[in-house]
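User: Please walk me through how to read some features of a structure, giving the general idea and then the case at hand.

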Amino acid sequence: MKAVRMIQVGQPLQLQEIPVPAVGDSDILVRVRAAGICHSDVHYRAGKSPVRPLPMTLGHEVAGVVEQVGRDVTRVKAGDRVCLHYNITCGECYYCSTGNEQFCGKGLMLGHYANGGYAEYIAVPARNAVALPDEIRFEEGATLMCASATAFHALRKSRLKAGETAAVFGAGGLGMSAIQLARACGALDVFAVDINEEKLQLATYYGAIPVNARQVAPVAEIRRLTNGKGVDVALELIGLPQTMRQTVQCLGVMGRAVIAGIGDRPLEIDTYRELLGNEVEIIGSNDHLFQELPVLIELARRKVLDTSRIVTRVVPLEADAINRTLDALEQFGSDVRTVIVP
Ligand SMILES: [Zn+2]
Ligand SMILES: [Zn+2]
């Protein structure tokens with residue numbers, strides 16, 4: 001089969017002809033119908049986050065049709081439409097058995113530590129499959145598995161309740177999902193903070209109140225728009241110390257800031273005025289849980305979550321087209337989601 005693979009750090013991905021993967025007793029073989037090209041893949045190719053072993057087929061946002069099932073598999077059958085949870089976990093350790101499998105010490109992320117979806121076929125444990133209803137396109141199903149799932153998990157960590165207000169820092173792929181999901185949770189007002197006017201327009205389409213941080217100071221603006229109160233929940237989806245700080249500063253009394261943007265620099269806050277004085281909480285959020293995916297898919301099926309304007313470009317399973325997409329993501333931080341359709 002054809003697979004577009006990372007052979008060497010910092011080098012373009014290459015198309016290789018490799019055997020269709022073997023299917024173990026508890027595995028399924030999936031014919032890939034869509035594989036999302038994610039910003040993380042740019043980091044992998046550049047060596048910012050090590051991929052092993054090499055060569056490795058990238059791609060952790062995968063949707064397709066079950067082609068073959070192992071002897072012990074009963075939960076899916078050949079012909080089923082599925083999306084794949086990208087964390088392959090042991091299912092038995094303390095974290096797996098308590099519903100927090102993203103901390104599994106034996107976890108292998110697809111397209112990072114196990115061959116991913118930039119290929120014609122992929123084999124995964126059957127329990128990584130989530131049913132994909134006919135109403136959702138494969139392209140959207142694929143990207144639900146990463147950006148939307150991460151936003152959903154962050155929002156759940158925030159404990160946002162109906163009648164509260166929220167601010168979303170970063171109106172990208174995660175942000176567009178976060179805005180819609182926050183509104184679905186009953187948030188009265190959702191403020192979208194970004195510096196890109198086009199992204200803010202799309203955020204507005206999805207029901208957010210835009211705050212252009214290039215034109216106004218976002219914290220003061222959010223205070224002004226909430227009559228001085230601040231928001232109950234703020235999500236940081238960018239990963240910069242400055243926006244992390246703003247996420248905390250725009251909170252009202254007993255507000256919750258959830259940091260989901262990845263960064264490695266310290267976060268500095270005024271501990272009295274910005275933290276304990278208002279009893280605010282700063283919460284970390286990473287990845288997502290398998291149990292969140294069926295709910296997310298149902299929200300998409302009901303059109304509560306609409307990703308049709310986010311997933312807009314399709315490329316074939318060819319090294320050139322994929323490398324060009326990764327180059328564009330690297331240079332412009334383009335927001336348009338590109339999906340490989342083999
Ligand atoms: Zn991703
Ligand atoms: Zn485990």
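Analyst: By class, the lining of the largest cavity consists of three nonpolar, five polar and one charged residues, where Ala, Val, Leu, Ile, Met, Phe, Trp, Tyr, Cys and Pro count as nonpolar, Asp, Glu, Lys and Arg as charged, and the others, Gly among them, as polar. The model is predicted, with local features needing pLDDT of at least 70 and side-chain atom pairs pLDDT 80 or more, while totals for chains, interfaces and linings use all residues. Residues are numbered from 1 along each chain as its sequence is written, chains are lettered from A and ligands numbered from 1 in the order in which they are written, and side-chain values use heavy atoms, without hydrogens and water.

User: How many aromatic pairs are found, and why is the pair of Tyr 205 and Tyr 206 classed as it is?

Analyst: A pair of aromatic rings is described by the distance of the centres and the angle of the planes. The whole structure holds three aromatic pairs, meaning rings of Phe, Tyr and Trp (its six-membered ring) with centres within 6.5 Å, stacked under 30 degrees, edge-to-face over 60 and tilted for the rest. Because the planes of Tyr 205 and Tyr 206 stand at 65 degrees, with the ring centres 5.1 Å apart, this pair is edge-to-face. Elsewhere, Tyr 94, Tyr 95 and Phe 103 are linked by ring pairs into a cluster.

User: Is Tyr 206 buried or exposed, and which charged end sits over the ring of Tyr 205?

Analyst: Tyr 206 is buried, at 7% relative accessible area, whereas Tyr 205 is partly exposed at 45%; buried means under 20%, exposed over 50% and partly exposed in between, with a 1.4 Å probe and protein chains only. The charged end of Arg 309 sits over the ring of Tyr 205, 3.8 Å from its centre, the criterion being NZ of Lys or CZ of Arg within 6 Å of the ring centre and within 35 degrees of the ring normal. Likewise, the charged end of Arg 81 sits over the ring of Phe 138, 4.2 Å from its centre.
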